[in-house]
Each structure stands twice: as C-alpha cells, then as structure tokens.
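User: I'd like to learn how to read a structure like this one. Could you walk me through it?

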Amino acid sequence: MSSNIVFLMYHELEQAGRGLCQADPGYVRYAVKASDFELQMRQLSSDGWRVVNVTEALAFPPVRSVALTFDDGSETDLLIAAPILHKLGFGATFFITTGFLNSRGYLSTSQLRDLSQTGFEIGSHSMSHPYLADLDNVALEREMLESKTRLEDILAVPVAHFSCPGGRYDHRVKSLARRFGYRTVSTSRSHANSRSTDVYELGRAVIMRDTNMHSFERICANRGLWRLRGAEIARSLAKRALGNSSYDKLRAAVLGAPPSSKQSHR
Ligand SMILES: [Zn+2]
C-alpha cells in the first residue's frame with residue numbers, strides 16, 4: 001500500500017526557557033517549538049500512521065508510514081523528541097554532526113549513547129557541517145568517513161546512514177558513501193521516496209517553525225511537496241548565481257542578521 005514514503009526532516013526543537021544553539025533568524029526558522037512537535041506527533045498517532053526510522057522505511061512497510069529524521073545532534077533530540085516518540089512507540093533516525101558533540105546545546109557523548117540505547121537509529125551528518133560540494137576530495141573523504149568511524153567507536157554499532165549538511169551534495173558524495181559502507185544518503189530535496197528512488201539520494205520534507213498542522217498533514221500524505229520544492233528551486237537558483245558563501249551573506253542580510261562566519265547548521 002505504501003509505495004511512497006515521505007521522510008520528514010527536523011532540527012533542534014525549542015522549549016521555553018532553553019536557548020537555541022544559534023540565534024540567527026536563518027537558524028531559528030528551522031527550530032520547531034516542542035509543543036508544536038508534540039501536537040504533530042500526536043496527530044500522526046491518532047490518524048493511525050506508523051512512524052519509522054530510515055532503515056525501517058526502506059523496507060516499505062505495508063501500513064501507511066512516514067519516516068522521521070533529525071539533523072545536527074542538538075541535545076533536544078534526547079531531552080524533548082525522544083520521550084515524546086518513545087511514549088507513542090515511534091522510531092526515528094538522528095543524524096549527528098560529530099564535531100558538535102559535547103559543545104553547548106548539543107548532545108554529549110553519553111547522551112548520544114543513551115539515545116542509541118533507547119532504540120533510536122543514529123546516522124552521520126558529517127564532522128564539521130560544511131557544504132560538501134565546496135570541499136576538495138581529501139576534506140570530503142574526512143568529513144564522511146571520520147564522522148562514521150567516530151560514531152561507531154562511541155556506539156559500538158554500525159552507522160549506515162548519512163545526511164548532507166545544508167542539503168548540498170554532488171556526485172562524489174554518492175560514490176564515497178557507497179565506498180565507505182553507508183547504505184543511504186538523505187538530502188533536503190522535497191520528494192517522497194519509493195522503491196525506485198536512488199537510496200544515495202533520498203528526498204526529505206523539511207518541517208519548519210511556521211509549518212502549520214494543515215501543511216504538516218498534507219506533507220505526510222505526500223501532497224503539496226511541490227510547494228516546498230518551489231521554495232527549494234528559488235534557493236538553489238540564488239545559490240548557483242552567487243556561490244554558497246555569498247548566498248549565506250545575502251540570506252543573512254535579507255533575514256536581517258549580520259553575515260555570519262559560521263556555516264549554516266542545517
Ligand atoms: Zn545540518
């Protein structure tokens with residue numbers, strides 16, 4: 001029945017009284033409020049959805065399912081998302097930027113172990129969160145391989161999935177992923193996945209701070225992903241015209257924040 005599965009993409013969750021890892025508007029618009037996240041998950045549960053991790057999704061379960069993914073490795077993965085998901089019996093894959101581990105607002109090594117031992121799937125989101133397409137071959141190999149090795153050292157389980165920081169990637173990412181023993185690569189391209197989708201180029205639909213319940217339900221049901229795609233095409237045209245770092249400066253200017261020297265944490 002479920003020949004197409006939508007993979008949802010979340011980032012840090014926001015809880016009153018707890019500061020986000022970053023304050024710039026370009027980051028904050030990806031931080032879904034904890035209360036909204038909980039409502040979204042309860043809605044899926046009451047509508048009878050099965051919510052699964054990447055590995056389970058790729059078995060294309062016979063019941064109506066969505067896959068849940070989180071990028072970056074904020075500590076809200078464990079503190080906010082995990083308890084809600086656990087209570088509802090939902091699975092998820094958490095993609096971790098290994099270089100952020102143990103820094104303020106992100107998971108510590110022992111929290112990451114807890115997340116894994118609770119039964120959630122852990123994937124790699126690179127070492128330092130660069131735009132992969134901008135890297136030379138040596139740097140790209142390090143980002144993809146060392147993050148995997150580090151996670152496997154910490155967790156003592158194989159790490160089979162990778163997601164691209166900022167959603168950006170090129171043909172090298174696919175072939176290196178295969179060579180390094182990853183089974184999948186998740187991008188930020190807004191499309192559902194089917195048995196015929198290239199597993200090294202899986203689509204995901206981003207859930208943002210301002211995604212309302214109506215849009216959320218449409219996205220899960222694989223309706224209206226073209227709306228997200230329209231925004232994505234506009235972004236990628238701007239990026240292509242300007243190059244990634246100029247694009248970031250422009251985006252920061254448009255959003256009213258000073259240009260940041262930090263890479264985008266998405
Ligand atoms: Zn990211």
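This is a predicted model: local features need pLDDT of at least 70, side-chain atom pairs count only at pLDDT 80 or more; totals for chains, interfaces and linings use all residues.

User: How many helices and strands does the chain have?

Analyst: Helices (H or I, at least four residues) and strands (E, at least two) are DSSP runs, numbered from the N terminus. Here the chain has 10 helices and 10 strands.

User: And what share of the residues is buried?

Analyst: Buried means under 20% relative accessible area, exposed over 50%, and partly exposed in between (1.4 Å probe, protein chains only). Of the 266 residues in this chain, 55% are buried.

User: Now a helix. What span does α6 reach?

Analyst: The expected span is 1.5 Å times one less than the number of residues. Helix α6 covers residues 137–155, 19 residues, and reaches 27 Å from its first C-alpha to its last, close to the expected 27 Å.

User: Why do the buried residues of α6 line one face?

Analyst: An α-helix has 3.6 residues a turn, so residues three or four places apart point the same way. In α6 the buried ones are Leu-140, Glu-143, Met-144, Ser-147, Lys-148, Leu-151, Ile-154 and Leu-155. Looking down the axis of α6, these fall within an arc of 140 degrees (taken from the directions from the axis to the C-beta atoms), so they line one face. Val-138 and Asp-153 are exposed, on the face turned away from that buried side. The cover over the buried residues includes β6, α5, β7, β8 and α7.

User: What sits at the ends of α6?

Analyst: For the start, look for a polar contact: a pair of N or O atoms within 3.5 Å, where within protein one must be able to donate a hydrogen and the other to accept it, and residues adjacent in sequence count only if both atoms are side-chain atoms. Asp-136 caps the N-terminal end, with a side-chain oxygen 3.2 Å from the backbone nitrogen of Val-138. After α6 comes Ala-156, whose phi is positive, near 60 degrees.

User: Which residues coordinate the zinc ion?

Analyst: Donors are N, O and S atoms within 2.8 Å of the metal (3.2 Å for Na, K and Ca), and water is not among the atoms, so sites may look incomplete. This zinc ion is coordinated by Asp-72 (OD), His-125 (NE2) and His-129 (NE2), at 2.1 Å. Asp-72, in the loop between β5 and α4, and His-129, in the loop between β7 and α6, are 57 residues apart, a link between distant parts of the chain. Asp-72 and His-129 are both buried.

User: What is the phi of His-129?

Analyst: Near 65 degrees, a positive value in a residue other than glycine. His-129 has a relative accessible area of 0%. Asn-222 also has a positive phi, near 60 degrees, but Asn-222 is partly exposed at 33%.

User: And where does the side chain of Ser-65 reach?

Analyst: The side chain of Ser-65 reaches the backbone oxygen of Val-63 at 2.8 Å. Ser-65 lies in strand β5 and is buried, with a relative accessible area of 2%.

Methods. Residues are numbered from 1 along each chain as its sequence is written. Side-chain values use heavy atoms; hydrogens and water are left out. Contact means heavy atoms within 4.5 Å.
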